[in-house]
Amino acid sequence: MREFLLLGLVSVLGLVSLTLLVHAEATELSKTCPPSFELLAEGQCKLRTLYDFYDSPAQHGGVKVRLPELETTYTPQQIDLGRQLFFDPLLSGKKDLSCASCHQPDKGFADGRGQGLGARQPGGVRKDLSRSAPTLWNVAFLKRLMWDGRASSLEEQALLPLFNPDEMANNADQLQKDLETTPAYVDLFRQAFGAPPTLDNLARALSAFQTSLVSFNSRYDRYAYGDASALSDQEIRGHNVFRGFVARCSQCHIPPLFTDSELAVIGSPALPGKAPDPGAGGISPDPNLQGAFRVPTLRNISATAPYFHAGQFNTLKEVVHFYNDNRGHAAPKDQNLKIHWHIHMTRGPELSKEDEADIVAFLGSLDDQSMTPPVPKTAPSGLPVAPALNLETP
Ligand code: HEC
Ligand code: HEC
């Protein structure tokens, strides 16, 4: 904080122009919905995709399956306010982390690390988190959030990192006071909610913004919509292996979201020298959930290496090989895990090297970041927006 004050005071001129910029950015929230969303007469944004036209039953592996309904109670102004909040380090206890520090738009809304870096500890070093930051693409569709599934809605989830002492390390009183005493936010919350800032509305705006992070314009989607030329021959072969009953990937990574939001025990290896993460077993006494993790989406998967809950695998090639070679046997031996029946087979699926490479190629066809929202030039608080912050230097 002191550094920011000093920086800000270095030049009075600089400060004046900064305030002007902040003013320019913050004065009026968007009245239009993000691309892919239609503005309804009631003022809310509704997602429109070609999947709206499909009605095949949610059969595993089928391509013409509807998307689950997305809650559409958010207005353009609430989504835009959420965007400004998402990038603003004002939300963290030490004013040096925003949501975007760990969910970076240019890293698929993850952060490129196996384990996140959290709040600064005494001495200036950041807390090593035990898990990786998941992507936020299509996150609003998930029935379970977090690697262990411990949250079930975005609004419930939003407050977790804010008040977690290892992550943003803020507290309710300070956050409320900071928002109330930042004139730009008083104005922006009034535009979005017709009321002064509250923590409930903060959580609502952050959810509204995250709901707008949709990705359904990949080459795979064009293929699913009927354009057979959208995928290469190798990708089509990979798709067929992916959804076939030998590899069984689409039994859990079900299209079109490429996840079923369920918890599954697949026998993930522990990180070398670290105790295995119990996953959902850490918050439930059910022995069947020991080592269970929420099935992650595979949308934009090529942007979010390393993979698995703690970055155990660096490449998609390694992940696919894990499923072929170690089918349920990479888990620490003393764990006695109840491996999911789609994983636990007496013999592995015995995919060929070509099959493995074809799956990897297919996964690349799920890339679509065309709806990446613009990063605000300045945060309403006047603090530098988060992707510019250097996480590692104290
Ligand atoms: C210090 C890094 C960090 C910051 C800052 C951070 N997150 Fe996260 N986020 C994570 C990690 C790590 C996880 C996974 C934690 C777990 O599963 O135990 C996560 C999980 C999530 C999830 C669940 C995604 C899923 O697929 O289940 C959402 C949603 C999310 N964060 C949104 C936010 C929002 C909104 C903010 C700002 C208020 C934020 N995060 C700030 C690191 C961070
Ligand atoms: C029984 C359900 C299930 C099946 C079948 C399955 N997966 Fe997964 N997959 C998961 C779970 C659960 C995780 C998260 C594991 C963890 O983090 O420890 C995961 C993680 C992944 C990841 C890493 C995602 C990330 O964001 O880090 C990829 C890639 C992946 N699976 C691809 C595949 C492929 C390819 C197949 C078929 C060969 C497959 N999966 C079969 C449940 C499944």
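Let's start at the ligand: a polar backbone atom of Met146 sits 2.5 Å from an oxygen atom of ligand 1. For Trp147, a polar backbone atom is 2.8 Å from an oxygen atom of ligand 1. Arg294 brings a polar side-chain atom, 2.9 Å from an oxygen atom of ligand 1. A polar contact here is a pair of N or O atoms within 3.5 Å.

A word on the source. This is a predicted model, with local features needing pLDDT of at least 70 and side-chain atom pairs counting only at pLDDT 80 or more, while totals for chains, interfaces and linings use all residues. Residues are numbered from 1 along each chain as its sequence is written, and side-chain values use heavy atoms, without hydrogens and water.

Now the shell. There are 27 residues around ligand 1, and Cys99, Cys102, His103, Met146 and Trp147 come nearest. Near means a heavy atom within 4 Å. The shell splits into 17 nonpolar, six polar and four charged residues. Cys and Gly are classed as nonpolar and polar, respectively. Helix H5 (154-163) gives the most, five residues.

Next, the iron. Which residue is the only protein donor of the iron atom of ligand 1? His103, through NE2, at 2.1 Å. Donors are N, O and S atoms within 2.8 Å of the metal (3.2 Å for Na, K and Ca); water is not among the atoms, so sites may look incomplete. His103 is in the loop between helix H4 (99-102) and strand E3 (117-120). Helices are DSSP runs of at least four residues, strands of at least two.

Last, E3 itself. E3 pairs with strand E4 (residues 126-128), antiparallel, over two bridges; pairing takes at least two DSSP bridges. Leu117 stands opposite Asp128 in E4.

Notes
Chains lettered and ligands numbered in written order. Polar contact = N/O pair within 3.5 Å; in protein donor to acceptor, adjacent residues only side chain to side chain.
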